[in-house]
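Colleague: I have the model open and some time to go through it. Can we walk through the contacts and the sheets?
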Amino acid sequence: MEGKIEVRTRAFNHFTEILVVIANFLILIWRNGWLNNQIKKKHSQQMILQKHQKPEAAWYQEHERLQLIMEATNDGIWDWDIKNNTLFWSDKLFILLGLFPGSYTPTLELFYQLIHAEDLIRVKQAIQQHLQFNQPYKCEMRLRKADGSYGWFLGQGKAVRDVKGCAIRMVGSMVDISDRKQTEEKLRQSEERFRSVFDNVSVGMALVNVDGHTILANEADCQFLGYSQEELIGMHFSEFTHPEDLAIDLELHKSLMAGERNSYVIDKRYIRKDKTIVWGRLTVSLIRDKDNSVLYTVVVCEDITVRKQAEEALRQSEAKLAAAQRVARIGNWELDIATNKIIGSAELFRIFGFDGDRQEYDFQEIFQVCFAEDRERLEQAISRGIHQRKSFEIDFKAMRKDGLVMYNQARGEAVFNSEGEVIRLFGTIQDITERKQLEELLQSQVQKEEALNRVIQIIRNSLDLSTIFSTAVMDIGELLEVEQVAIVQYLPEEEIWLAVAEYRQNSQINSLLKQRISDRENPIAAQLKNLKIVQLKDASLSEDEINQNLAQTFPGAWLLIPLHFNSVTWGSLSLLKPQQHYWQESEIEIAREIADQLSMAIYQSQLYQQVQAANEELKRLATIDGLTQIANRRRFDEYLNLEWLRLRREKAVLSLILFDIDYFKRYNDTYGHLAGDDCLRQLAIAVSDIFCRPADLFARYGGEEFAVILPYTNLSGANYLAERIRQAVHDLEIPHSQSLVSNHVTVSLGVACMIPDAKLSPQDLINAADRSLYSAKQQGRDRVSFAQDDSGKLSQFM
């Protein structure tokens, strides 16, 4: 259980760390906004004139995007200005506490008042430890909501410090973990139920690892062996097994681990801590994981010391035999081979539910109480005892005359006359019903726990809803032995409920996948939207027409459990059993637990998709120039370094074009900065159409300067493309009355080409292109110039 909680906690912590990063990013944006306000104050007149300019609109658009990101997450964000002792809460934090956003100004004192009294000191200490010693601040707490109830929250934060290391502010997030706490409580209760059965059962039980060491033992097992639980855990079973029985026990354990058998039963002697010897009937079964790997063995040890003593007493005296039978619930019997009559003790016939006054029954009359599948095995065992003179031991199931089903263990061996002929069989019958029922109950519980854990593990280990749904419905169907399982999604825009995944026990059952269930005037749907579990013994008894029609297509007893998160209905988990079936509380509890895990998986998947989309958008914004919508300088530097390394390995050619607009300052002075921005955009659009290869990168290098990275392009090719750029700008015919080279906007271009090697760097290529650009300007502008050093190395790429 602790392992499950630890996995779930790591998932929540990872998610919260992402929110803290987003919060820090928002704070940086807030600071940029503050700096912009200062600039506005110093240049108020200029800002008034430019109020409606597009760069400011872009800033407001960016601010709006960030606000949407804050609204998209379901976690509250907070910012504490330590110096000014002011506190900011996001709208979602107000909502998590049941408050109307902005209904009042939060303060640190108010926050402390909301914390549950039992958690207050711990939270304050955690904050102080973070501020003073920079220890991580991560603290679970209960907070009072607007309705007076308390909810569990996980608070995380990180201090922002000045250059001296002093904390000046602290930002973080608040995550509602109430659902997780409820899930942990359910897991704890489930563990307690298992431990209650394990600890209170009357026979000894233990969990033993594959090496034979005890990892868990119940009180009955400890009392049987005379050790405390602390002493018994870690002991190897050979340490308390009688030496004369150890070899067979080790051999059986070895065959069990080798996969030659799934279980074994053995009677053996134990040496207690006080050195006394006791007998135990040992039943060992394998427990495997979903990959069929052995996890451990379940050992059920029944104290049969009394029975062994009774069996010894049977050979000594009839009186002691009768007493032993009453204590051990064992009946003895004798089969006369000549007459086929069975003579037995009173305990024997009591076990079978026969008339206690009779002491003799026909052989076949006794056999009639055995279940058909066990009757043949029992007959074969008796036949071997007669003809092969072999003793036997066999478990079988029978039905008493009063209708009660019981489990018995039969033992028998041949009795010979003086001539060595078999004249009768002698043996015992023991009622082992309670033990078998307990074993079946424990085995069923273990299987259900394994299946439930497998379903939960699959749900937790994936963010792909289609995989989760398809696997979950099949495992739920097999776990609860139902005819049909469906995950149904509620689509409020269309006002319908639509099945998105389904399991059917056989193909004869109608499919729900094609059904569009109306939400209007549907009382069952209304209950699900109110987060109520719906049980229907017979859906045909529904008063509304919608569910009456569904009952004709899908007859039976339905169990519908809402799937929801943050009190919003996503859909339902629907299970169908045969008509008039009564849903047991244990079945409902398992289904509800799975539904909670499904709800959490749906929520996490949707949140993951939102975060992925936000990250992609942020990544795109980080590499795109906001004005021209082409690659920015950051993307240029990053791409040039990558291509340089790649082409250095391939020893391939790499070209670079640098160009800028001639006399662009005069253009801005004459036509204004808005016109200058429009000119840059027109130029970027025109030049972008020239480059079709995915490997080519056109970027804004800075101001009015642009760059083009051309992998696998020699100097001739780069010169050709540079000339096309120059001509494309000419064709725009953007007026430039103050240019000294033309009446229209023109550009000067510098071209450089290299084969990257270890002695050069990307900066060498940039410097060469920059020298070419300078040369083009020196030669009169509106032209292309290419780099060529004194040795003529560059000319070889022409």
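Colleague: Is F659 buried or exposed?
Modeller: F659 is buried, because its relative accessible area is 0%. Buried means under 20% relative accessible area, exposed over 50% and partly exposed in between, with a 1.4 Å probe and protein chains only. This is a predicted model: local features need pLDDT of at least 70, side-chain atom pairs count only at pLDDT 80 or more, and totals for chains, interfaces and linings use all residues. Residues are numbered from 1 along each chain as its sequence is written, and side-chain values use heavy atoms, with hydrogens and water left out.

Colleague: And F706, buried or exposed?
Modeller: F706 counts as buried, because its relative accessibility is 0%.

Colleague: How many aromatic pairs are there in the whole structure?
Modeller: The search finds 16 aromatic pairs. Rings of Phe, Tyr and Trp (its six-membered ring) pair if their centres lie within 6.5 Å; planes under 30 degrees apart count as stacked, over 60 as edge-to-face and the rest as tilted.

Colleague: Why is the pair of F636 and Y701 called edge-to-face?
Modeller: The planes of F636 and Y701 stand at 85°, with the ring centres 5.1 Å apart, so the pair is edge-to-face. F636 belongs to helix 21 (residues 633–650) and Y701 to strand 24 (residues 697–702), so the pair ties together parts that are 65 residues apart in sequence. Helices (H or I, at least four residues) and strands (E, at least two) are DSSP runs, numbered from the N terminus. Both F636 and Y701 are buried.

Colleague: What about F659 and F706 as an aromatic pair?
Modeller: F659 and F706 are stacked, at 5.5 Å centre to centre and 20° between the planes. With F659 in strand 23 (residues 654–661) and F706 in strand 25 (residues 705–711), the pair ties together parts that are 47 residues apart in sequence. Ring pairs also link F659 and F706 with F691 and F698 into a cluster.

Colleague: Which ring face does K124 lie over?
Modeller: K124 lies over the face of Y112, 4.7 Å from the ring centre. K181 lies over the face of W152, at 4.4 Å from the ring centre. A charge sits over a ring if NZ of Lys or CZ of Arg is within 6 Å of the ring centre and within 35 degrees of the ring normal.

Colleague: On to sheets. What is the strand order in the open sheet of five strands?
Modeller: The order is 2-1-5-4-3, with antiparallel pairing. Two strands pair if DSSP finds at least two bridges between them. Strand 2 (86–89) and strand 3 (137–144) are at the edges with a single partner strand each, so one side of each is left without a neighbour in the sheet. Neighbouring strands of this sheet are turned by 25° against each other on average, direction ignored.

Colleague: How many bridges join strand 1 to strand 5?
Modeller: Six bridges join strand 1 (residues 76–81) to strand 5 (residues 167–176), and the two run antiparallel. I77 stands opposite S173 in strand 5.

Colleague: Which strands does helix 6 touch?
Modeller: Helix 6 (residues 117–133) packs on the sheet and touches strand 1, strand 3, strand 4 (150–161) and strand 5. Contact means heavy atoms within 4.5 Å. The direction of helix 6 makes about 150° with that of strand 3. Axes are lines fitted to C-alpha atoms, for helices over the stretch in contact, and angles run from 0 to 180 degrees between N-to-C directions.

Colleague: What do strand 9 and strand 10 form?
Modeller: Strand 9 and strand 10 form a hairpin with five residues between them, and N292 in the turn has a positive phi of about 70°. Nine bridges join strand 9 (residues 277–288) to strand 10 in the antiparallel sense. I287 has Y296 as its bridge partner in strand 10. Strand 6 (residues 204–208) pairs antiparallel with strand 10 (residues 294–303) over five bridges.

Colleague: Last one. At what angle do the axes of helix 22 and helix 23 cross?
Modeller: The axes of helix 22 (residues 664–671) and helix 23 (residues 673–688) cross at roughly 130° and come within 7 Å. Helix 22 and helix 23 are therefore oblique to each other. Angles under 35 degrees count as roughly parallel, over 145 as roughly antiparallel, 65 to 115 as roughly perpendicular and the rest as oblique.
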